Amino acid sequence: MEDVETLRADVLAAIAAAGDLDGLEQARVAALGRKGRITELMKGLGAMAPEQRKTAGRALNVLKDEVANAIEARRAALADADLDSRLDEERIDVTLPTRPQPEGRIHPISQTTDEIVAIFGEMGFTVAEGPDIEDDWHNFTALNIPPDHPARQEHDTFYLHGSGTSGHADDDRPVLRTHTSPVQIHVMERTPPPLRIIVPGRAYRCDYDATHTPMFHQVEGLVVDESTHMGHLKGCLTDFCRAYFDVDDLPVRFRPSYFPFTEPSAEMDIGCTREGGKFRIGHGDDWMEILGCGMVNPKVLENCGIDPERYQGFAFGMGIERIAMLKYGIPDLRTFFESDLRWLRHYGFPALQVPSLVGGLDP
Ligand code: DAH
């Protein structure tokens with residue numbers, strides 16, 4: 001039995017000394033393999049007297065179990081150590097920029113639209129959409145722009161061939177919508193108030209110079225409820241401009257103006273400084289027009305089947321390119337649509353930084 005004690009000490013020492021999984025396997029084979037020391041002793045049991053065989057057999061079985069457990073424990077410890085060292089070696093800095101460098105850039109129109117949606121989304125507005133091809137009713141008449149109204153000429157409308165489908169129209173030709181305001185009509189026709197929507201989208205006018213392109217983008221806003229008033233309009237748009245331009249106390253003013261679909265109507269200006277051709281949004285002695293707005297004309301509500309005695313609301317519309325140019329210092333509107341990759345690399349935005357009020361609007 002002394003043999004077994006020495007053997008036990010030897011084998012356990014060999015297991016403990018195994019520095020890796022290969023070494024451990026060698027220790028296992030040396031003890032429990034076909035020619036291992038424990039196996040050899042077991043083979044010798046057959047030659048023993050029954051009484052002796054019983055005691056020795058039991059002792060050897062206990063030893064075998066003990067060794068098997070020790071091997072398992074050592075194997076687990078080695079595997080842990082192995083994992084730890086790999087984790088240590090393969091450490092990566094997740095704050096490093098991705099490789100290869102991302103190539104694509106987000107167009108300033110998409111970026112600005114996302115910023116607008118993020119700000120109004122926080123105020124409880126949802127995004128609505130409507131068709132680019134409109135009928136006369138939605139683009140003009142329902143917005144209180146009757147057939148002979150001068151605003152129709154000012155809109156430089158693209159007329160299409162064919163005939164409209166509204167059944168309302170005096171002029172039956174479909175048009176490329178000249179503004180996003182017709183979506184106000186679509187929404188009010190199908191959804192009962194209260195309403196709180198913004199409508200980013202394309203608009204079309206036959207015009208082309210440094211500040212006009214035949215296709216451009218606007219965002220329309222519409223709020224209709226039972227007690228909405230001019231104070232809500234002013235607060236909402238002031239908050240928007242301050243968040244969008246990231247100037248907490250940006251000066252704003254509302255000038256009386258005229259739009260057929262609002263009464264009263266106003267234009268909103270924001271403070272800026274102008275030096276030569278350059279300007280800076282913020283405090284200064286100059287003003288920059290930024291959007292048109294007003295209280296929804298009761299006739300427009302009526303045209304959509306909404307009772308103007310019970311409901312009132314405000315609306316606004318602004319050019320997305322215009323506010324993108326102001327914020328990001330882009331001098332020429334036409335460059336937005338030239339698909340010049342150098343321009344996009346310069347004025348575009350990284351794809352993974354989605355604008356949000358929490359994350360910050362400026363990437
Ligand atoms: N639709 C007008 C335009 O093109 C912009 C506008 C002004 C929209 C006042 C409005 C508003 O909703 O209230 O140019």
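Which residues in α11 are buried? In this predicted model, in which residues are numbered from 1 along each chain as its sequence is written, local features need pLDDT of at least 70, side-chain atom pairs count only at pLDDT 80 or more, and totals for chains, interfaces and linings use all residues. Side-chain values use heavy atoms, with hydrogens and water left out.

The residues of α11 that are buried (under 20% relative accessible area, where over 50% is exposed and anything in between is partly exposed, with a 1.4 Å probe and protein chains only) are Ile320, Glu321, Ile323, Ala324, Met325, Leu326, Lys327 and Tyr328. Because 8 of the 9 residues of helix α11, which spans residues 320-328, are buried, this helix is largely enclosed by the rest of the structure. Helices (H or I, at least four residues) and strands (E, at least two) are here DSSP runs, numbered from the N terminus. Just after α11, Gly329 takes a positive phi of about 65°.

Met318 lies in strand β11 and, at 3% relative accessibility, counts as buried. In contact with Met318 (contact meaning heavy atoms within 4.5 Å), when its neighbours within four places in sequence are left aside, are Phe120, His217, Gln218, Val219, Phe240, Ile290, Leu291 and Ile323. Although Met318 and Leu291 are 27 residues apart in sequence, they are 4.7 Å apart in space, C-alpha to C-alpha.

A nitrogen atom of the ligand is 2.9 Å from an N or O atom in the side chain of His179, whereas an oxygen atom of the ligand has a polar side-chain atom of Glu220 at 2.6 Å. A backbone N or O atom of Ala315 lies 3.2 Å from an oxygen atom of the ligand. Of the 350 Å² of accessible area that the ligand has on its own, the protein covers 91%; such areas come from the Shrake-Rupley method with a 1.4 Å probe, and for residues only the protein chains shown count as cover.

The side chain of Arg152 reaches two backbone oxygens, that of Ile145 at 2.9 Å and that of Pro146 at 3.1 Å. Not counting residues up to four places away in sequence, Arg152 touches Asp136, Phe140, Thr141, Ile145, Pro146, Pro147 and Thr157. Thr157 is found in the loop between α7 and β4 (175-176), is buried at a relative accessible area of 15%, and is in contact with Phe140, Arg152, Val175 and Thr178 when neighbours within four places in sequence are left aside.

Strand β8 (residues 262-275) and strand β9 (residues 278-281) pair in the antiparallel sense over 4 bridges, pairing being assigned if DSSP finds at least two bridges between two strands. Thr273 stands opposite Arg280 in β9, and the two strands form a hairpin with 2 residues between them, where Gly276 in the turn has a positive phi of about 60°.

Most residues other than glycine have a negative phi, and most peptide bonds are trans. The peptide bond from Glu263 to Pro264, however, is cis, with omega near -5°, and Pro264 lies in strand β8. The bond from Pro193 to Pro194 is also cis, with omega near 5°, and Pro194 is found in the loop between α8 (182-190) and β5 (195-204). A positive phi, near 55°, occurs at Asp246, which is found in the loop between α9 (230-245) and β7 (252-259) and counts as exposed at 54% relative accessibility. Ser339 has a positive phi of about 55° although it is not a glycine; Ser339 is found in the loop between α11 and α12 (341-347) and, at 66% relative accessibility, counts as exposed.

Key: A polar contact is a pair of N or O atoms within 3.5 Å; within protein, one must be able to donate a hydrogen and the other to accept it, and residues adjacent in sequence count only if both atoms are side-chain atoms.
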